[in-house]
Amino acid sequence: MMKPKDRPTFKPSLKVKTWNPEIETAFFEKWQEEGIFKFDEKSEKPTFSIDTPPPYVNTPIHIGQAYTYVWMDIFARYKRMTGHIVLFPIGLDKNGLPVEVQTERIYNISMHETPREEFIEKCKAILKESGDRSLDAFKLLGLSCNSWSLEHHIGGRYETDDPEYRRLTQETFIRFWNMGLIYEDEKTTNYCPVCGTTISDAEVEYEEEETDLNYVRFKVQETVEDVIIATTRPELLCSCRTVIFNPDDERYQHLDGKHAIVPIFGHAVEIQHHPYAKPDFGSGLVMMCSFGDYGDVWILRELNIDPIYAIDQKGRMNENAGIYNGLTVEEARDRIVEDLKSQGLIVKAEKIRQRRPICWRSKNAIEFVPMKEFYLKQVEFKDEILRIADRMEFFAPESKQILLDWINSVGIDWVISRRRYYGTEVPLWYCKGCGHIYVPELGRYYQPWREKPLIDKCPECGSIEFHGEERTFDTWFDSATSEVYILGYLWNKSFFEQNFPCGLRPQGKEIVRNWLYFTLLKSFLLFKAAPFQNAWIHMHVVDEQGRKISKSVPETWIDPREVITRFGSEAFRIWSGLEGNITRGDIRCSFERIKGTSKFLTKLWNIARFISSFPQVSENYELATLDKMILANLNELIGECRRGYEEMNAFSAASAIRTFTWNMFADHYIEAVKSRAYNRGGIFSTRLQRGAWYTLHLCLEMILKLLAPIVPFITEALWLELYQKESIHIQSFPEENPEWKSETAKLVPKLIEFDNAIWRYKKNEGSSLSQELAVQIYAPPELKPLAEDLEAMHRIKNLIFGNPKSGQNVEKLAEDIFVGKLA
Ligand SMILES: [Zn+2]
Ligand SMILES: [Zn+2]
C-alpha cells in the first residue's frame with residue numbers, strides 16, 4: 001500500500017466543464033470531411049436501406065418532421081454500428097401543386113395564363129431557396145445521410161423534379177403502358193376546382209361540417225300528390241335523374257315506377273326502389289343527382305343513367321343550371337333555396353352534420369365532373385396486393401391495418417394524370433394525321449409539350465405533325481418509386497437486384513393510403529414483390545394541449561430552428577428519444593419539455609468528467625462485488641437497448657439508458673465506489689482500487705456507445721476526448737457479455753433501498769452525508785459482499801448484516817434496515 005504522500009491526486013482530464021452545443025457544427029463538418037457516412041456500394045457488409053421520406057420543401061421543416069427524421073437517423077446509426085452499410089439518402093420532394101400555388105401567389109399570376117416555360121422557371125427559383133432551407137435544418141439536426149449534394153449515384157441526394165428522377169417515373173409509365181395496364185377514359189372523377197385538376201381517391205379527405213338539410217316539395221306526375229324529398233344540395237336539382245326509396249319502406253311502395261316532377265326545372269324523373277335509400281334519413285325519399293356525392297356516382301353508374309353535369313371545372317354552375325348558370329356552387333345553393341322558399345316549396349330545413357369530401361391539399365370541397373384522364377389499373381389486383389402486403393413487417397404491428405383497410409376500400413382505378421405544369425410529363429405524342437399514339441423508348445426524360453418526338457413520321461399514316469401530351473402525373477406516381485430510385489435501379493441493376501426489397505420505409509400514418517399504398521401497387525406491378533421488408537409508421541407531434549402543430553395557429557407553432565438555437569440539436573434529440581414512442585401515439589411538445597429532458601446531457605457530462613479523473617487500466621485489477629453488480633446491470637441494459645433499437649423503439653432504449661446512467665450508475669454505483677477509486681485512506685488494496693477505475697471507464701464507454709445513435713454529438717465529443725481518436729459512430733455496438741452476467745444484479749434494489757434509508761436518516765439527524773456514523777447500522781444480509789464499499793461510502797463504523805436481536809434499542813429505517821439507538 002502506498003504511503004499518503006505518494007498517492008496521486010486525481011483531477012479530471014476532461015477540462016471543459018459543461019456540454020457546449022456550439023461545437024455541434026464542427027463535428028458535423030468533421031464527419032462530412034471524413035466521409036464516415038458515405039455509401040460504398042462495393043462494401044462487403046450487408047446493406048440496410050432506408051427509404052427516407054423526401055419532404056416537400058415549400059415550407060420550413062416543422063417540429064414533427066424534425067422529430068421523426070431524428071428517429072430515422074437513430075435507426076440508421078444503430079444499423080451502422082451493428083455491422084451494416086447503411087443506405088440513408090436524403091431526398092427533396094419538389095413536384096406538384098404546392099409550389100405552383102405559391103408561385104401564383106408570390107408573382108400574382110395564374111398558371112394556365114402564363115407561358116409554361118416561364119412558370120416552371122419561377123417555380124424552380126422558389127424551390128431552390130426553400131430546398132436549401134430544408135437541407136440546412138436537416139444538417140443542424142445532425143442527420144447521418146450519405147451525401148448532401150445532388151448526385152446521380154446510390155446514396156446521393158435526390159430531388160423528385162430532377163431529370164433522372166423523372167426519367168424513372170416515365171419509365172414506369174412506359175412499362176405499364178406496354179403491359180396494358182394504362183387506359184384513358186372519361187369518367188366522373190374527383191375534381192378540385194381550386195387546384196384545377198383531377199385528384200385521386202387517395203387525395204380526398206373528409207371534413208365534418210354543419211349544413212342545412214332542406215325538405216323540398218315535389219309533385220308526383222301520375223297522382224298529383226306532393227312528396228317531400230330532403231337534400232343538402234338543392235343547387236343540383238337541375239341534374240336530378242331519379243328518386244329512390246328503400247324497398248322495405250312501406251310509405252312509398254305505391255310510387256314505384258311513377259314519376260316525380262323536379263321543382264323549378266320541371267322535368268320528370270322515375271321513382272324507383274333501391275337499398276341505398278335509408279328510411280330514417282330525411283323523408284326516406286332520395287334524389288339522385290349527377291353528382292352530389294359518391295352515392296350519386298355509384299347509383300347512376302349502376303342504374304346506367306346518363307348524367308347531367310351541372311358544375312364546370314372552375315366550380316361554377318353551367319348552362320344545364322338554367323338561370324343559375326355562372327354562379328358558384330355556394331351562390332347557386334343560396335339563390336335556389338330563396339327561390340324555393342318564395343314558391344312555398346321548402347317545408348322545413350334542419351341543421352345536420354355531414355362528412356363532406358375535400359381536397360387534401362387545398363381543403364375545399366371537391367366536385368364530381370367528367371374528365372378524360374389516364375388510369376392505372378389497380379382494382380383487379382387487390383387480392384394479390386393484400387397478399388404481398390403480408391410480406392412486410394410493421395412497426396407498430398397495428399399500423400398494418402390502416403393499409404389493409406385502405407386496400408379493401410379501393411373501388412376505382414388510379415387516375416394518374418393531372419392538368420398541372422410542375423410535374424413529370426406524361427411521355428406521349430399524338431399523330432395529328434391519324435391520332436396514332438407514339439410511346440417513346442426507355443432511356444431518357446421526355447418533355448412532349450416542348451419537344452418533338454424522336455420519330456420523323458407517323459408509322460401509321462406517314463404524317464410528320466405531332467402533338468405532345470400536356471398533362472403531368474399525379475405526384476404520388478413519382479413518389480411511389482422512391483425505393484426503386486434510391487436502390488440504384490437506373491444506374492446499377494445488379495445492386496438493385498441484390499438489395500430489393502428496401503430495408504425500411506419510415507413514414508407518417510396519414511400517408512399510408514397514398515405513399516405506402518401506391519409504392520406497394522407499383523412495386524407489385526413492376527416486380528410482383530413487396531417494396532419493403534419493414535415499414536415504420538409514426539404518429540404526430542402535438543402541442544402541450546394535444547393540438548396539431550401548425551404555422552397557421554401561432555400558439556401551437558414550435559420552430560425546430562428556434563429549439564436548436566436555444567438549446568442545441570442534442571437537447572432536441574435527447575428529448576425526441578426520451579419523450580415517448582411516436583410509433584404508438586402522438587407526442588406532446590413544448591420548449592419546457594425539451595429544456596427539462598436536456599438536463600440529462602449535463603448529467604452525462606458531469607459523470608464523464610468525474611470518471612476522467614481516473615486512469616484507464618486493463619490489467620492488475622480486481623473487481624469487487626459492487627463492480628460485478630453494476631456490470632451485471634449494464635449487461636441487462638445492453639440487451640434492453642438492442643431490443644429497443646431492433647424494434648424501432650428509440651424511446652425504450654433511451655429511457656433504459658437514462659434510468660441506468662442517472663438513477664443507478666451515478667446515484668448509487670459512483671457514490672459507493674468513489675471512496676475506493678480515490679482510496680484516500682489507503683484502506684483498499686491497489687488491485688481493488690484499479691477494479692473501480694476499470695469498471696467506471698468500462699461503464700462510461702458502454703453508455704456512450706449505447707447513446708451514440710440518439711445523441712451523436714455529445715457522445716462523439718466525450719469519446720474522442722477520453723477514448724479513441726476514431727469516431728464513435730464507426731465503433732461496434734455493445735454486445736451482451738456472458739461474463740458480466742451474474743446473480744449480483746439482484747442486489748441493485750436492495751442497495752438502492754439501503755442507500756436511501758441511510759441518506760434519509762442522516763438528513764433527519766441534521767448531519768452531512770459525509771459525516772461518520774458511530775451508531776450500529778443493521779443491513780440486509782444479502783448486502784454483505786458490498787460491506788467494504790458501503791462502510792466507506794456512508795462512513796459507517798459499525799455495520800452489521802442481519803436483524804438486531806429482540807430487545808435491542810433500535811429504530812427501523814426500512815425493511816431489514818435498522819439503526820441502533822444510543823442508550
Ligand atoms: Zn385542391
Ligand atoms: Zn398518323
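## Helix α13

Helix α13 is mostly covered, with 14 of its 16 residues buried; buried means under 20% relative accessible area, exposed over 50%, and partly exposed in between (1.4 Å probe, protein chains only). Helices (H or I, at least four residues) and strands (E, at least two) are DSSP runs, numbered from the N terminus. Just after α13, Lys 528 adopts a positive phi of about 55 degrees.

## Basis and overall dimensions

The model is predicted: local features need pLDDT of at least 70, side-chain atom pairs count only at pLDDT 80 or more, and totals for chains, interfaces and linings use all residues. Residues are numbered from 1 along each chain as its sequence is written, chains are lettered from A and ligands numbered from 1 in the order in which they are written, and side-chain values use heavy atoms, with hydrogens and water left out.

The protein contains 23 helices and 29 strands. Of its 823 residues, 58% are buried. The C-alpha trace spans about 115 × 70 × 45 Å along its principal axes.

## Largest pocket

The largest pocket has a volume of about 1,900 Å³. On a 1 Å grid over the protein atoms alone, a pocket is an open set of points with protein on both sides within 12 Å along at least five of seven lines, whereas a cavity is a set of points where a 1.4 Å probe fits but cannot get out; lining residues have an atom within 4 Å of a point. Grid points are joined across faces, edges and corners, and a volume is the space filled by probe spheres set on the points.

The lining of the largest pocket comprises 50 residues, and those nearest its centre are His 62, Gln 65, Trp 360, Glu 510 and Lys 548. Two or more lining residues come from each of α2, α3, α9 (400-409), α10 (475-479), β22 (502-508), α13 (512-527) and β24 (541-543). Helix α2 gives the largest share, six residues. By class, the lining of the largest pocket has 23 nonpolar, 16 polar and 11 charged residues, where Ala, Val, Leu, Ile, Met, Phe, Trp, Tyr, Cys and Pro count as nonpolar, Asp, Glu, Lys and Arg as charged, and the others, Gly among them, as polar.

## Cavities

There are five cavities of 30 Å³ or more. The largest cavity has a volume of about 140 Å³. It is lined by 17 residues, of which Leu 97, Thr 197, Arg 361, Arg 418 and Arg 420 are the closest to its centre.

At least two residues of this lining are supplied by each of α3 (97-107), β6 (197-199) and β21 (472-473). The lining of the largest cavity divides into six nonpolar, five polar and six charged residues.

## Strand pairing

An open sheet of four strands runs in the order β6-β5-β14-β16, with antiparallel pairing; two strands pair if DSSP finds at least two bridges between them. Its edge strands, β6 and β16 (414-415), each pair on one side only. Strand β14 (residues 367-376) pairs with β16 in the antiparallel sense over two bridges, and Leu 376 stands opposite Trp 414 in β16.

Elsewhere, β9 (residues 240-245) and β12 pair in the antiparallel sense over four bridges. Met 287 in β12 is the bridge partner of Val 243. From strand β12 (residues 286-289), Val 286 and Met 288 point one way, Met 287 and Cys 289 point the other way, and all are buried.

## Aromatic contacts

The whole structure holds 54 aromatic pairs. Rings of Phe, Tyr and Trp (its six-membered ring) pair if their centres lie within 6.5 Å; planes under 30 degrees apart count as stacked, over 60 as edge-to-face and the rest as tilted. Tyr 78 and Tyr 645 form a stacked pair, at 4.9 Å centre to centre and 25 degrees between the planes. Because Tyr 78 lies in helix α2 (residues 63-81) and Tyr 645 in helix α18 (residues 625-646), this pair ties together parts that are 567 residues apart in sequence. Tyr 78 is buried at 1% relative accessibility, and Tyr 645 is buried at 4%.

Phe 119 and Tyr 421 are edge-to-face, because their ring centres are 5.9 Å apart and their planes stand at 75 degrees. Phe 119 lies in helix α4 (residues 116-140) and Tyr 421 in the loop between β17 (417-418) and β18 (429-431), so the pair ties together parts that are 302 residues apart in sequence. Phe 119 is buried at 0% relative accessibility, as is Tyr 421 at 14%. One aromatic cluster includes Trp 414 and Phe 374 among its members.
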